[in-house]
Amino acid sequence: MAIPYPHFIAADKAAMETGLLAPSSSSLSPPTVVLTQDELKKIAAYKAVEYVESGMVLGLGTGSTAKHAVDRIGELLRQGKLSNIVGIPTSKMTHEQAVSLGIPLSDLDSHPVVDLAIDGADEVDPDLNLVKGRGGSLLREKMVEGVCKKFVVIVDESKMVKYIGGSGLAMPVEVVPFCWKFTASRLQKLFEEAGCVAKLRTFGGKDEPFVTDNGNYIVDLYFKKSIGDLKVASDAILQLAGVVEHGMFLDMATTVIVAGKLGVTVKHKQ
C-alpha cells in the first residue's frame, strides 16, 4: 500500500525541508500534492537514504534519481547525522559528485563487500528485475551492485513495466568498439522473434558513438514484445564475443521504492 505524501513528509520531513511541500495552513485541509517527476525521484531517493547507517560501505549509483540520494548522503555527513561512510561510485560522474560533497571514496579492490547500494532504474518488472544503463554506466553499476548485501532501487511510477522491455525504450548492451556493427547485427538476430532493433548509441545527437567510462560502445536494443525467459536471454547475450555486459539486472534488487501520485510504495524481494 502506498504511503500518502502528507504522512510520509510528516514522518521524516525530508520533502518539507527541501521545499517540496509547504506546511498546511489547516490541519483539517491536507495540502494538495502536485509534484514533478524529478520531485518524485527526490522523495524516493530520500526514503532510500533512511536505510543508510554510519560505518557502512555504500555503492553510489549513477543517474538523475541516484544523484538525489548521493546529495542527501553528503548533506547528512555534513550535519553529523552520518559518519564513517565509505562510498564506491559507479561512474566518473558520481565520483566527481561525491568528491564535491566530501564523501570518502574507495573501490572494490579495497572493499570487495558492499553493505548497501542505492541506485535508480530505467524499468522495473513485477518480479523486481531491472533494466539499467540508459545513462551508460551499466558495467560499473553491475559490478558494485552485484556484491552488495542490500540493493535499494529508487524510481518514480513511470518506470514500472509489465515485462522487461515493456516501455519500448532501450535495453543497453555494452560492447567493445572492434567490429561493433557485427556484434549489433548478432544481437538483433538473437531477438528477431521479439521484433528487436539494435542501434548504436550516439553522443549529443551527433554521429559520434557514445563512449562509456570503460572506453566501450553501447548498442541499444528495442523490443516490440517480451523476450521470454530473462535468464536464457541473459546467457545468450553474454555468450556473444564482443559483448561486455548487458543492462538487465536480474534477481539483484532487494527493495524497490516507488514514488507515485498516491504516495511512496516500498516493494521487497520475495
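**View 1. Helix α4 and its buried residues.** Thr65, Ala66, His68, Ala69, Val70, Arg72, Ile73, Gly74, Leu76 and Leu77 are the buried residues of α4, where buried means under 20% relative accessible area, exposed over 50% and partly exposed in between, with a 1.4 Å probe and protein chains only. Helices here are DSSP runs of H or I with at least four residues, strands are runs of E with at least two, and both are numbered from the N terminus. This is a predicted model, in which local features need pLDDT of at least 70, side-chain atom pairs count only at pLDDT 80 or more, and totals for chains, interfaces and linings use all residues. Residues are numbered from 1 along each chain as its sequence is written, and side-chain values use heavy atoms, with hydrogens and water left out. After α4 comes Gly80, with a positive phi near 80°.

View 2. A cavity is a set of points on a 1 Å grid, over the protein atoms alone, where a 1.4 Å probe fits but cannot get out; a pocket is an open set with protein on both sides within 12 Å along at least five of seven lines; lining residues have an atom within 4 Å of a point. Grid points are joined across faces, edges and corners, and a volume is the space filled by probe spheres set on the points. The largest cavity holds about 50 Å³ of space. α4 gives the most to its lining, with 4 residues, while β1 (57-60) and β3 (114-120) each supply at least two. By class, this lining has 9 nonpolar, 2 polar and no charged residues. Here Ala, Val, Leu, Ile, Met, Phe, Trp, Tyr, Cys and Pro count as nonpolar, Asp, Glu, Lys and Arg as charged, and the others, Gly among them, as polar.

View 3. Domain 1 (2-160 + 251-260) and domain 2 (171-246) both give residues to the lining, so the largest pocket lies between them; the domain bounds come from an automatic or database assignment. About 450 Å³ of space lies in this pocket. Of its 27 lining residues, Thr62, Gly63, Arg134, Gly135 and Gly136 lie nearest the centre. The lining splits into 7 nonpolar, 11 polar and 9 charged residues.

**View 4. An aromatic pair, Phe191 with Phe223.** Rings of Phe, Tyr and Trp (its six-membered ring) pair if their centres lie within 6.5 Å; planes under 30 degrees apart count as stacked, over 60 as edge-to-face and the rest as tilted. By that rule there is 1 aromatic pair. Phe191 and Phe223 sit edge-to-face, 5.6 Å centre to centre and with 80° between the planes. Phe191 is in the loop between α7 (180-190) and β8 (197-200) and Phe223 in the loop between β9 (217-222) and α8, so the pair ties together parts 32 residues apart in sequence. Both Phe191 and Phe223 are buried.

View 5. Most residues other than glycine have a negative phi.
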